[in-house]
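Here are some exercises to work through with the sequence and the model side by side. Take them one at a time, and try each before reading its solution.

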Amino acid sequence: MSSLPPPGTDALAHSARLAETIRAEIENAGGWIPFARYMELALYAPGLGYYSSGSAKFGDHDKGGDFVTAPEISPLFSRCLARQAAQVLTATQGDVLELGAGSGKLALGMLRELERVERLPQRYGILEVSADLRERQRELLERYAPHLIDRVSWLDAMPAKFSGLILGNEVLDALPVHLVAWREDGIHERGVALKAGHFVWQERRLQIGALLDTARSLDLPPGYVSEINLAAHRLTAALADALEHGVLLWIDYGFGRNEYYHPQRSRGTLMCHYRHRAHDDPFHLPGLQDITSHVDFSAVTETGIEHGLRLAGYTTQASFLINCGITELLAKTSPDDIAAYLPQTAQAQKLLSPAEMGELFKVLALGKNMTAPLLGFASGDKSRLL
C-alpha cells in the first residue's frame, strides 16, 4: 500500500517468512483457512507473529511503535485503575492478574500507586503469551520498581482458582475473530485462500456449529459482513469459572450489540495498525502490523453471566477515570508549574475526550461475591446499552 511507510529490509524478510508459514498452512488445509486462523498466525505464530516477535509495537511513531495505549499516554490511567484495584483487593484480600501486559507500564504504574495507598497485593500475576514482551515487562519493572519485582510473577496458564482483580486492557480486541458474511443463499464464513501465491478472500457457507448459531441469532440482512469473536467468549468463560471472589475488568474499544451490528456498520470493524496509520487490509505485511476488531460487550456480558458472574458496571472510559479520581490527581499538580501541568492536562484530554479515547473505549466489570458498588461506576452507567 503506497500510503504506508515502507519497511526496512530485515522487516520485509521477516514478513516474508511469516507469509510463507501461512501459505504452507493454507495448502496443508486443502487451500482455505478461516480468517480467525489467519489472524491467529499473523499475530501469534511463535517467533514470527506480530506479538511474538521482537519488533516495537507500543509507543510513538518515532520510537518505532504502531499504536499507543492508555498506559503509554499517561501514568494517570494506571493510577486511576489502581484505585479501583485497591477497593477490590480490600474486599477480597486477593491478588491482581493482568492479561496481556503489553509494555509493562500499566503493571508498573498500578504497583507504584497501590504501594502509595498501602494496598499492595501479595502477588501481581501477568499472563503473557509473548516471550519477547515478558522480557520487556521484566526489564521495565526491574529498572523502575526493583523493590516490588518479587511480587510479580509471569504465568503460562490461567490459575485454576483466583480471588481479586482480573484485568484486561486492550486484550479482547486482539483476539482472533471469525469474519461472517450474510448472503442471499445463507450465512458464509470469510476465509483466506491463495491465488498466484497471494492471499485472497474466499467464502464458504456455514453448515453447523457455534459460529452459525451465533450468526443466526444476530438476524442480519444479506450483504452484511462483520466479526464474531468466539475467542472472547471462551476467554471470558474460563476466567469466570476460575474467579471465586472478585472482579473481571475489561477495558477496550467497542459497543453493545445493537450498536456493534448497526445497519451503518455493515462492513464490520476490522482494522489494521501500522506505524500509527490505520487501514483495512489484513494481508498487508503480515507480522509487521496489528490486526484488531471492536468488542461486542453484550456478548461478553452474557457469557460472564452464563458462567456465574454478575454485571457490576459498564461505562465509558471517561466516566470510569473521573469516578476513580483523575481530576483529583490532576489537581495535585500546580498550574503554575507549566512544565509539568501542561503535558499532564494534554494527556488527560486524550484519555477523557469524546474525540479521543473517552467515549469509544468502554469499561466492563463482571463480579462474583462482590456486594459493594464499584468505585469506577459511581456515575455514568451505560448498562442499558448492553
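**Exercise 1.** Find what covers the buried residues of helix H1.

*Solution.* Start with the covering elements: they include strand E1 (33-34), helix H2 (35-44), strand E7 (186-195) and strand E8 (198-205). Contact here means heavy atoms within 4.5 Å, and helices (H or I, at least four residues) and strands (E, at least two) are DSSP runs numbered from the N terminus. Next, list the buried residues of H1: His14, Ser15, Leu18, Ala19, Ile22 and Ile26. Buried means under 20% relative accessible area, exposed over 50%, and partly exposed in between (1.4 Å probe, protein chains only). Seen down the axis of H1, these buried residues fall within an arc of 135°, so they line one face of the helix; the arc is that of the directions from the helix axis to the C-beta atoms. Finally, look at the other side of H1, where Thr9, Asp10, Glu27 and Asn28 are exposed.

The model is predicted: local features need pLDDT of at least 70, side-chain atom pairs count only at pLDDT 80 or more, and totals for chains, interfaces and linings use all residues. Residues are numbered from 1 along each chain as its sequence is written, and side-chain values use heavy atoms, leaving out hydrogens and water.

**Exercise 2.** How many disulfides are there?

*Solution.* Apply the rule first: a disulfide is a pair of cysteine sulfur atoms within 2.5 Å. Then check cysteine 80, whose sulfur is 6.0 Å from the closest cysteine sulfur, in cysteine 324, too far for a bond. The count comes to zero disulfides.
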